[in-house]
Amino acid sequence: MRLRIARLLPWKITGLLPLFSFVLLLGLIEAVRSGFFAVYLPNFSKSSLGFSAAVWGASWTVHFLAESLFKGPGGYLVQRLGLGVATLIAGAAGLLALLLLPYISAPWMLWALTLLWGLSLSAVSPGLMTLSSRLARPGREGRALAYTTTLILPWAGVGFLLMAFLVPKDIGAAYTTLLIGQGLVILLSLPLLSFRERISLPKQEYYPWRQLVLFIPAAFGQTFAPAIISQLIQKFATNELGLGFLELGAVILVGGVVAFSSMGWLGRIPDRRGPKVPLIVGLSLMSATMLLVAQKPSFPQLLAIAALGGIGFALFVPSWNALVVRVLPQNNRAAVWGTLMMIEAWGTAAGPSVGGILWSTLGVTAPFYASAAAFLAVAVFYVFAVRREI
């Protein structure tokens, strides 16, 4: 029975144990830092350090940019050291940052700690995505990478909710929980230190680098588009749509359930027939979702729109991953992948600023129209940039 279930998964059976081990490790890392930056640090900074919101807010910016901007070199590093060593380094750096936190006395010390922590994480994501792509069964690469991403995403929510529960009750217990979580990352990394990918690489690889350069604008645009409205959703839902916490949660839940439940069968399309068409359709559906939300729909209409967005997301994620797998070279794949992820991070970083400016100057619906236009622009870009045979 277990063997039959394993065969339904998009990865080779022999690679499941190390893959899921690294997924668990990255999930723990995401849970700890999500809870730390989103809940614990703001409260600790105010009560114990006396730092303003600008200081602890800047610490997240420093951390995120450090990780994002060095994902290219991080991908190169993980190819040389192995994913197990890279994960251990990330766990140790995070634990060090947590242990030294009570002893800092100036904002620059906080920024230095979060900078170090961010740099240590730059190798982990490119290494894991490369491992997932190489362990995927032929023809299932898009679904393999989509599932890898999906398995990690909920951990950030777990860390946030756990800290949101613990911090108001006992901030000391919250701190201990963060230390335990980061300590688990180190302990679980130790058995994986000797794990290294084994793959026969060609002596020389002829690769159309111009093809990769063409995808840089799209890598930026497809993260920039959702980031435009990422920090405005709650405010728009409350003030403009009149949604309460439970109603907003229901909308998000519908979109998430539709996306996750349909990703398996929709992911077969790019793996079997090529990623171009489903990628363009997925982006177009997400563009339509933003456009419809800007019309300030009713709650029942919003549930239907969330389902539409979930389908678009379920088409887009495996299609983009299938495209990346087919485009990236085998040699130095993690390093090149890290570079693409760095470009994606620039879009994530730039989006909120643009969204805030549009909200303030052109009105509350302007960011949603801009997000829709950005999604549509990327879809049109793929019409001309991607050859049908890819």
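Modeller: Start with one term: a residue is buried if its relative accessible area is under 20%, exposed if over 50%, and partly exposed in between. Phe 236 is buried, and so is Trp 359. Note that this is a predicted model.

Colleague: What makes Phe 236 and Trp 359 an aromatic pair, and why is the pair called edge-to-face?

Modeller: Two rings pair if their centres lie within 6.5 Å, and planes over 60 degrees apart count as edge-to-face. For Phe 236 and Trp 359 the values are 6.5 Å centre to centre and 80° between the planes, an edge-to-face pair. Phe 236 belongs to helix 12 (residues 233-239) and Trp 359 to helix 17 (residues 333-362), so the pair ties together parts that are 123 residues apart in sequence.

Colleague: How many aromatic pairs does the count come to?

Modeller: The count comes to 11 aromatic pairs. In one of them, Phe 36 with Phe 37, the ring centres are 4.9 Å apart and the planes stand at 85°, so this pair is edge-to-face.

Colleague: Are Phe 36 and Phe 37 buried or exposed?

Modeller: Phe 36 has 3% relative accessibility and so counts as buried. Phe 37 has 8%, so Phe 37 counts as buried. Ring pairs also link Phe 36, Phe 37, Tyr 40, Phe 44, Trp 117 and Tyr 175 into a cluster.

Colleague: Why is helix 2 called roughly antiparallel to helix 9?

Modeller: Helix 2 (residues 16-49) and helix 9 (residues 171-189) pack at an angle of about 155°, with 10 Å between their axes. The cut-off for roughly antiparallel is an angle over 145 degrees, so helix 2 is roughly antiparallel to helix 9. Their crossing is left-handed.

Colleague: Which residues of helix 2 and helix 9 meet?

Modeller: On the helix 2 side they include Phe 36, Tyr 40 and Phe 44, and on the helix 9 side they include Tyr 175, Leu 178 and Gln 182. By class, this contact has 15 nonpolar, 5 polar and no charged residues.

Colleague: What makes helix 5 roughly antiparallel to helix 7?

Modeller: The axes of helix 5 (residues 83-100) and helix 7 (residues 124-135) come within 10 Å and cross at roughly 150°. That angle makes helix 5 roughly antiparallel to helix 7, the cut-off being over 145. Helix 5 passes helix 7 in a left-handed crossing. In this contact Leu 83, Ala 86, Thr 87 and Ala 90 of helix 5 meet Val 124, Gly 127, Leu 128 and Leu 131 of helix 7. The classes are 6 nonpolar, 2 polar and no charged residues.

Colleague: How do you know whether Ser 132 is buried or exposed?

Modeller: Ser 132 has a relative accessible area of 0%, so Ser 132 is buried. Ser 132 is found in helix 7. Leaving aside neighbours within four places in sequence, Ser 132 is in contact with Trp 11, Leu 19, Ala 144, Leu 145 and Thr 148.

Colleague: And how is Ser 120 classed, buried or exposed?

Modeller: Ser 120 comes out at 11% and is therefore buried. Ser 120 lies in helix 6 (residues 107-121). With neighbours within four places in sequence left aside, its contacts are Ala 86, Ile 89, Ala 90 and Ala 93.

Colleague: Why is Leu 69 called partly exposed?

Modeller: The relative accessible area of Leu 69 is 36%, so Leu 69 is partly exposed. Leu 69 is found in helix 3 (residues 53-69). Not counting residues up to four places away in sequence, Leu 69 touches Met 342 and Trp 346. Leu 69 and Leu 119 are 50 residues apart in sequence, and their C-alpha atoms are 8.8 Å apart in space.

Colleague: What is noted about the phi of Lys 296?

Modeller: Phi of Lys 296 is near 55°, a positive value in a residue other than glycine. Most residues other than glycine have a negative phi. Lys 296 sits in the loop between helix 15 (276-293) and helix 16 (299-327). With a relative accessible area of 38%, Lys 296 is partly exposed.

Colleague: How many helices and strands has the chain?

Modeller: The chain has 18 helices and 0 strands. Of its 390 residues, 51% are buried. Among contacts with a separation of 6 or more, 85% are between residues 24 or more positions apart.

Methods
Residues numbered from 1 in each chain as written. Predicted model: local features only at pLDDT ≥ 70, side-chain atom pairs only at ≥ 80, totals over all residues. Heavy atoms only, no water. Axes fitted to C-alpha atoms, helices over the stretch in contact; angles between N-to-C directions. Helix = DSSP H or I, 4+ residues; strand = E, 2+ residues; numbered from the N terminus. Parallel < 35°, antiparallel > 145°, perpendicular 65-115°, else oblique. Left-handed = near helix turned anticlockwise from the far one by under 90°. Contact = heavy atoms within 4.5 Å. Nonpolar A, V, L, I, M, F, W, Y, C, P; charged D, E, K, R; others polar. Buried < 20%, exposed > 50% of the residue type's maximum accessible area, 1.4 Å probe, protein only. Phe/Tyr/Trp six-rings, centres within 6.5 Å; stacked < 30°, edge-to-face > 60°.
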